[in-house]
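Hello,

Here is the structure I promised to pass on to you. Please have a look at it, and then read my notes below.

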Amino acid sequence: MANQVKSDKDYSQYFQPPSLTDAKKRGKEEIAVHYDFTIPEEMQGFGKDKYYLIRTYGCQMNEHDTEVMRGLLEQMGYQSTEDKYLADVILLNTCAIRENAEDKVFGELGHLKALKAQKPGLVLGVCGCMSQEEAVVNRIMQKHAFVDLIFGTHNIHRLPALLKDAFYNKEMVVEVWSKEGDIVENLPKKREGIRAWVNIMFGCDKFCTYCIVPYTRGKERSRRPQDVLAEVRDLARQGFQEITLLGQNVNAYGKDFEDITYSFANLMDDIRKIDVPRVRFTTSHPRDFDDDLIEVLGKGGNLVEHIHLPVQSGNTEVLKRMSRKYSRDHYLQLVRKIKATMPDVVLTTDIIVGFPGETDEQFEETMSLFEEVGFDFAFTFIYSPREGTPAAAMEDNVPMEVKKQRLYRLNELVNAHSKASNDKLFGQTVEVLVEGESKNNADVLAGRTRTNKLIHFTGPKELIGQMVDVQVTHAQTWILKGEIVSKPMQMSI
């Protein structure tokens, strides 16, 4: 659906917001793949001598969407800036996973209102996952009428045309599609650094009861294998040292193909043969993590020994209410299989505490599962209801004080495991990809191990972008410190 909305009108007659009801009813209608994308001729120099600023909230998928928008804007002639007073276009690429993410965006809109009044020619846009929520869109239209542009996650490729409409029509332009968009290949991307994200699929079909993503990102649509492999090969030729494959549920890759049988395991096995030093992926759903994938990951090479495997809860009944589609025992069995094939694997996870109906005993099962698995790290959250999801209609009967106490105890456990895991690396020599200077000290370099652990060490700036061997000399809870060691000479046989 595409609508333009005049800011001084009754919005309801111009715009029908994205429908969560329609999202729940969606079928498997065919998704077309387009290879003929170009910037419209009249927009190719539109941004000459103009500047853009994109503020990104949320996950790696949003970060990658920002790379696409940066690519589009720079092909239109815009230049990047971090100075909001210099910017001619400001886009807020939003996240809808948790309420505090939305609060940050509305807070930022409040700050930008004065800037918009001072600079009427500024094009201010809100895009990303929040834009797919009907309540959010209505709130922006009714209470933040100074916003010029609202668009969603399915039509990023339309940014040039939408900017043109917003600039010339001087009206609020709203284009939010409830139906998932087709897959558009060959979109320009502005990447920086030595690591690259590659979308392998879009959307999610799991419909966990607490999660808004299936509604904001749509149903699962996999990119064709040849397109993913071609992009990875091109990134390898450009010299990128690490590639992360992205999807809301990468393990479901290929399940929507009707003409070929090609799974995520097949894709990983093919990417394993491409000359790029490191390959990661996120995020995995335990329900779809199969034996074929474990076998491929066990081959090692450029496939790193780190798997992020969200569990969310350690109690089967809570997992059922979450509609996670696996049990505690299934998850533990999967972990045993992974460790049997990959003895050096580092597992990390996501955990929600205080889900509706969670008892003290059920929370204790989450604690015991964490201990049994031996996670190195976890992203932990207090349950936050999202409007339109089934869990939002459940009785939220866990007092906030109890939720906070549970989160505190869980975080204490996470910290202890993280420190113990890092302690085991003391004295060892690890392969490190040097990413840049430390955020807090320009004289110190920062990099990551194959298992995604952050390490600081001193060395020349020329090492940035390279692999070096570093001996761990100090282990803290969240960070390692070390010293560069000479690489051993390769002996010819």
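Val89 lies in strand E5 (residues 89–94); strands here are DSSP runs of at least two residues and helices (H or I) of at least four, numbered from the N terminus. This is a predicted model, where local features need pLDDT of at least 70, side-chain atom pairs count only at pLDDT 80 or more, and totals for chains, interfaces and linings use all residues. Residues are numbered from 1 along each chain as its sequence is written, and side-chain values use heavy atoms, with hydrogens and water left out.

Val89 is buried, at a relative accessible area of 2% (buried is under 20%, exposed over 50%, partly exposed in between, with a 1.4 Å probe and protein chains only). Beyond its neighbours within four places in sequence, Val89 is in contact with residues including Tyr51, Leu122 and Leu163 (contact means heavy atoms within 4.5 Å).

On to the rings: the whole structure holds 14 aromatic pairs (Phe, Tyr and Trp rings, the six-membered one for Trp, with centres within 6.5 Å; planes under 30 degrees apart are stacked, over 60 edge-to-face, the rest tilted). One of them joins Phe46 and Phe167 edge-to-face, with 5.2 Å between centres and 90° between planes. Phe46 sits in the loop between strands E2 (33–34) and E3 (51–56) and Phe167 in helix H5 (residues 159–169), so this pair ties together parts 121 residues apart in sequence. Phe46 is buried, at 10% relative accessible area, whereas Phe167 is partly exposed at 26%.

Best wishes
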